[in-house]
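Reader: Could you take me through one part of this model at the level of side chains? I would enjoy a close look at rings and charges.

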Amino acid sequence: MSSATATAVRPAVAAARLKTELAALGATTEVGFAEGGAEVARLQALALELEALNPTPEPARAQALLKGRWHLLYSGLGLLRETTLARYSFGLLPKVPIHVVEIFQETDPATGHYDNIVHYLDWSGEPGTLVLAGDYRVEDDSTMDIRFDRAILATAAGRSIHPFGGGSVGPIQARISYLDDGFRLMRGVNGSLYVLERLDPQPMRWTRDG
């Protein structure tokens, strides 16, 4: 192996190791539901290392890499496992108790769609899905502005759409600090960290469409 090849391989190997450990720590911290502790401190330190290896110079404009269904591995925003629909919808929906199971994000650069999806169980154990539907626009090479305009609720009783009064919520600014073909780090409010792994780059159907 030439020295040039070895130099190119080392960052890729380092990034692969960091991503594996970040995913494991995300599981250990329960996606950030379990706040604080040495695991979170370690996760934050590893994120800084991975951000330094970002292979995509203009991540907010990298449409092919952004498109798809993403699984949230960690959030530093202080998420709650036992919570309410109101908390996950900016107060739009009632304070109905829910147990959060998983959180996803779906991004479609062709349309600008940017949706947060929460799979949950209600008080009786019945599954439901909350889609916080919105759009994004590119602010600069690494930053996007996100606006959410409605909540879509899918339960055993049916599907309902709840627009935000007055238009939309936002803009919420998010900076992509690392992006490759299957992994993304983002920085949000006050530098809060989000770690996401892409599950499907070409979904046949978006969750917002039912």
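Author: Phe 90 counts as partly exposed, at 47% relative accessibility; here buried means under 20% relative accessible area, exposed means over 50%, and partly exposed lies in between, with a 1.4 Å probe and protein chains only. Please keep in mind that this is a predicted model, where local features need pLDDT of at least 70, side-chain atom pairs count only at pLDDT 80 or more, and totals for chains, interfaces and linings use all residues. Residues are numbered from 1 along each chain as its sequence is written, and side-chain values use heavy atoms, leaving out hydrogens and water.

Now to the ring's partners. The structure holds 4 aromatic pairs, meaning rings of Phe, Tyr and Trp (its six-membered ring) with centres within 6.5 Å, called stacked if the planes are under 30 degrees apart, edge-to-face if over 60, and tilted for the rest. One of them joins Phe 90 to Phe 148 in a tilted arrangement, 6.0 Å centre to centre with 35 degrees between the planes. This pair links distant parts of the chain, 58 residues apart: Phe 90 is in the loop between strand S2 (82-84) and strand S3 (97-108), while Phe 148 belongs to strand S6 (residues 143-155). Helices (H or I, at least four residues) and strands (E, at least two) are DSSP runs, numbered from the N terminus.

Glu 106 forms a salt bridge with Arg 69, their closest N and O atoms being 2.6 Å apart; the term means a side-chain nitrogen of Lys or Arg within 4 Å of a carboxyl oxygen of Asp or Glu. Because Glu 106 lies in strand S3 and Arg 69 in strand S1, the pair ties together parts that are 37 residues apart in sequence. Glu 106 is buried, at 2% relative accessibility.

Asp 145 and Arg 137 meet through their side chains in a salt bridge of 3.4 Å, N to O. Asp 145 counts as buried, at 9% relative accessibility, whereas Arg 137 is exposed, at 51%. Salt bridges that share partners join these two residues and Glu 139 into one network. By the same rule, the count comes to 11 salt bridges.
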